[in-house]
Amino acid sequence: MSTDTTSAKETQQFSQQSNLARTSLLTEFVDFLKHNKKWWLAPIVAALVAVGVLVAAGGGAAAPFTYTLF
């Protein structure tokens with residue numbers, strides 16, 4: 001009988017959370033950093049994003065301008 005009660009509580013919690021407003025990926029990442037105190041991940045992610053932007057720009061019409069950065 002406790003399994004039915006637990007299952008009903010889990011179902012109720014799930015439905016309550018599904019009605020909450022959606023958050024963006026950036027907001028969830030910042031909340032993750034705050035909650036787990038993993039601030040050392042922020043510069044790594046920023047560097048990966050910067051490299052991704054440079055790679056994307058290097059393959060397009062802005063390629064001649066990206067070569068002047070190096």
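Me: Leaving aside neighbours within four places in sequence, which residues is W39 in contact with?
Reply: This is a predicted model. Contact here needs heavy atoms within 4.5 Å. With neighbours within four places in sequence set aside, the contacts of W39 are L33 and K34.

Me: Where is W39 found?
Reply: W39 is partly exposed, with a relative accessible area of 48%. As for its place in the chain, W39 sits in the loop between helix 2 and helix 3.

Me: Is V30 buried, partly exposed or exposed?
Reply: V30 is placed in helix 2, residues 25–36. Buried would need under 20% relative accessible area, and exposed would need over 50%. V30 has 31% relative accessibility, so it counts as partly exposed.

Me: Which residues make the nonpolar surface patch of about 310 Å²?
Reply: A patch residue needs over 30% relative accessible area. V30 has 31%, and W39 has 48%. The nonpolar patch of about 310 Å² is made by L26, V30 and W39.

Me: How far apart are the end C-alpha atoms of helix 2?
Reply: Helix 2 covers residues 25–36. Its 12 residues, at 1.5 Å a residue, should span 16 Å. The model agrees, because the end C-alpha atoms of helix 2 are 16 Å apart.

Me: Is K37 buried or exposed?
Reply: K37 lies in the loop between helix 2 and helix 3, the latter being residues 41–58. The cut-off for exposed is over 50% relative accessible area. K37 has 66% relative accessibility, so it counts as exposed.

Me: What pattern does the protein chain follow along the sequence?
Reply: The protein chain has four helices. It has zero strands. Read along the sequence, the pattern is α-α-α-α.

Me: What share of the accessible surface of the protein chain belongs to carbon and sulfur atoms?
Reply: The protein chain has 70 residues, and buried residues make up 4% of them. Its accessible surface comes to about 6,300 Å². The share belonging to carbon and sulfur atoms is 66%.

Notes
Residues are numbered from 1 along each chain as its sequence is written. This is a predicted model: local features need pLDDT of at least 70, side-chain atom pairs count only at pLDDT 80 or more; totals for chains, interfaces and linings use all residues. Side-chain values use heavy atoms; hydrogens and water are left out. Patches are made of residues with over 30% relative accessible area and no salt bridge: like charges are joined within 9 Å, nonpolar side chains (Val, Leu, Ile, Met, Phe, Trp, Tyr) within 5 Å. Accessible areas come from the Shrake-Rupley method with a 1.4 Å probe; for residues, only the protein chains shown count as cover. A salt bridge is a side-chain nitrogen of Lys or Arg within 4 Å of a carboxyl oxygen of Asp or Glu. Helices (H or I, at least four residues) and strands (E, at least two) are DSSP runs, numbered from the N terminus. Buried means under 20% relative accessible area, exposed over 50%, partly exposed in between (1.4 Å probe, protein chains only). The expected span of a helix is 1.5 Å times one less than its number of residues.
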